[in-house]
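This report goes through selected packing features of one protein model, moving from single residues to helix pairs.

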Amino acid sequence: MNGWQVLGIEPTSDESLIRRAYARLLKIHRPDSDPQGYQQLREAFDWAKNHAGAAEAEPYAQPQPVAESQDSAIDWPEDIAEPQDESSHTVPQSYAFSVMPLYSEQEIAELAAALVEKSAQNFPALQRLHQRVSEEGNLLQQQQFHQDLAAALAEQPGLQDWLVEQVSERLGWQLESYNSGHLIPEALQRALDERVRATEVEKAWQKLMAEQRHAGGQSGLALKLLCSDRAAAPFWIRLVPGLLDKMSQQVNQLWSPFPELIDRLNPAMLDFLRERPRALSWQGVFLLVFWGVVLKWALPQGGLLSPIGLAISGVVIYSLWLYDLMLSSLRRSWLMKLLLVLDSLFCSLLLLALFVGVLMLASGVAPPKGESIGGLLPVFIIAIELLVLWSVWSKAVPGLRRPGVAVARLLSSPWRLLKVLDFETIGFVLVSVYSMFCTVLLNKLLNQLLAFIAWLP
């Protein structure tokens, strides 16, 4: 076997081809793991280098063995470094690779742009360039190709994640693996991720712009306000039921996947939402109508404009809206504590009067003791009242606030029922039945209260 056969190449006068063959086989016949193969490879390299000039005329000849004593006298090519320690576990630096790319900078940039613009149509061009570099280039040139392509892709606006995955799969980048940095350094991987993220953010913003131009109703109005250039929030926003809730909902939905877009929204609107201003809501409108209808039919005489009608209306408005407004407006701590104490006493007395009134009402209509189960009716009424109190009693608020929260939850129970039933038709039917029950109960309690007032001296 002559030197050409050992190197696995045809006779040639191209010394660069001889060096590439030697470098390729040196990875297999390392001096630390295969000393004999390494010695034979080195001898074949020297022989092929000496016979490169007469490669076509000289017949194959077996290379003469090199004596051990002559090992240090081998005339190595100046671009191949003699290994200093053959027992070491490091591969000797065989030669200096050429890093001159096999393509132009414009060619790689145009390929990256074409992939981003029309990826499926330009995958064959990618495969052709990759094949050419793999066949004609050395290891450094091949590695440089992957890094140049990744850098060019990272500079292309509109780069998408699926395209990076396709290129990675076709070129063996293994970006999802643990050791993915052997072809594409981490810095380039981060640049690709940042460009993909920028594309996703821009697409989300364009979609938001299209929605605010074409969406109708409350959602469209909310988006138009958030994307407007108004210097301040208009006052009429507070008068549109549910508009502020819709705006807050849209901001929160945008914040979770794309926090970068929040800075593009109208800062005046964002500041207005952060202040949590008081405004009409569908809950408030519904409860106002619900209790207005109940009071209209439940009040025994005089209607809503009677003293007792005004008092009950005031209790409803205070518990559902006025208390929170007063509490948020107070700036002095002692006034806030005074309001908490007075509210706790007032709401506690109101709950006590309600439950005692219901118990007395149930006892008054119960059959005499010994007939049916009338004697047990007060027990059942007390159990139901305790169950209702437990359902509206909150442990998540300070102790002084709990009676007020319980009253507010009782008054907002129709809306809570609709929310539990997801505003289905059955929910509105049950709320209608519940309104009739509240009307009858409140009418009897008020008649009982008027009778008690008349009984007083």
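## Gln156 and its contacts

Leaving out residues up to four places away in sequence, Gln156 touches Ala109, Ala112, Ala113, Val116 and Arg195. Gln156 itself lies in the loop between α6 and α7 (161-171). It counts as buried because its relative accessibility is 17%, under the 20% limit for that class. The model is a predicted one, and every value in this report is computed from it.

## Overall make-up

The protein has 18 helices and zero strands. Of its 457 residues, 37% are buried. Among contacts between residues at least 6 apart in sequence, 65% join residues at least 24 apart.

His130 is found in helix α5 (residues 119-136). With a relative accessibility of 17%, His130 counts as buried. Apart from neighbours within four places in sequence, His130 is in contact with Phe145, His146 and Leu171.

Phe145, one of those contacts of His130, also takes part in an aromatic pair. The count of such pairs, with ring centres within 6.5 Å, comes to eight. In the pair of Tyr103 and Phe145, the ring centres are 5.9 Å apart and the planes stand at 70 degrees, so the pair is edge-to-face. Tyr103 lies in the loop between α3 (35-50) and α4 (105-117), while Phe145 lies in helix α6 (residues 139-154), so the pair ties together parts that are 42 residues apart in sequence. Both partners are buried: Tyr103 has a relative accessible area of 7%, and Phe145 has a relative accessibility of 0%.

## Helices α9 and α10

Two packed helices are described by the angle between their axes and the distance between the axes. For helix α9 (residues 217-226) and helix α10 (residues 243-255), the axes come within 9 Å and cross at roughly 65 degrees. The crossing of α9 and α10 is right-handed.

On the α9 side, the contact is made by Gln218, Ser219, Leu221, Ala222, Leu223, Leu225 and Leu226. On the α10 side, the residues are Leu243, Lys246, Met247, Gln250 and Val251. By class, the residues of this contact divide into eight nonpolar, three polar and one charged.

Helix α16 (residues 402-411) is mostly covered, with eight of its 10 residues buried. These buried residues are Pro403, Gly404, Val405, Ala406, Val407, Ala408, Leu410 and Leu411.

In α17, the buried residues are Ser413, Pro414, Trp415 and Leu418. The elements that cover them include α12 (282-298), α16 and α18. Trp415 also belongs to an aromatic cluster, together with Phe286, Phe290, Trp291, Phe423 and Tyr434. Just after α17, Asp422 takes a positive phi of about 60 degrees.

## Packing of α17 against α18

How do α17 and α18 lie relative to one another, roughly parallel or roughly antiparallel? Helix α17 (residues 413-420) and α18 pack at an angle of about 160 degrees, with their axes 9 Å apart. That angle makes α17 roughly antiparallel to α18, because angles over 145 degrees fall in that class. The crossing of α17 past α18 is right-handed.

In this contact, Ser413, Pro414, Leu417 and Leu418 of α17 meet Gly427, Phe428, Leu430, Val431 and Tyr434 of α18. The contact has seven nonpolar residues, two polar ones and no charged ones. Three of the α17 residues in this contact, Ser413, Pro414 and Leu418, are also among the buried residues of α17. Tyr434, on the α18 side of the contact, is a member of the aromatic cluster as well.

## Leu449 in α18

Leu449 lies in helix α18 (residues 425-455). Is Leu449 buried or partly exposed? Its relative accessibility is 38%, so Leu449 counts as partly exposed. The C-alpha atoms of Leu449 and Gly357 are separated by 8.4 Å, although the two residues are 92 residues apart along the chain.

Conventions:
Residues numbered from 1 in each chain as written. Predicted model: local features only at pLDDT ≥ 70, side-chain atom pairs only at ≥ 80, totals over all residues. Heavy atoms only, no water. Axes fitted to C-alpha atoms, helices over the stretch in contact; angles between N-to-C directions. Helix = DSSP H or I, 4+ residues; strand = E, 2+ residues; numbered from the N terminus. Left-handed = near helix turned anticlockwise from the far one by under 90°. Contact = heavy atoms within 4.5 Å. Nonpolar A, V, L, I, M, F, W, Y, C, P; charged D, E, K, R; others polar. Buried < 20%, exposed > 50% of the residue type's maximum accessible area, 1.4 Å probe, protein only. Phe/Tyr/Trp six-rings, centres within 6.5 Å; stacked < 30°, edge-to-face > 60°. Parallel < 35°, antiparallel > 145°, perpendicular 65-115°, else oblique.
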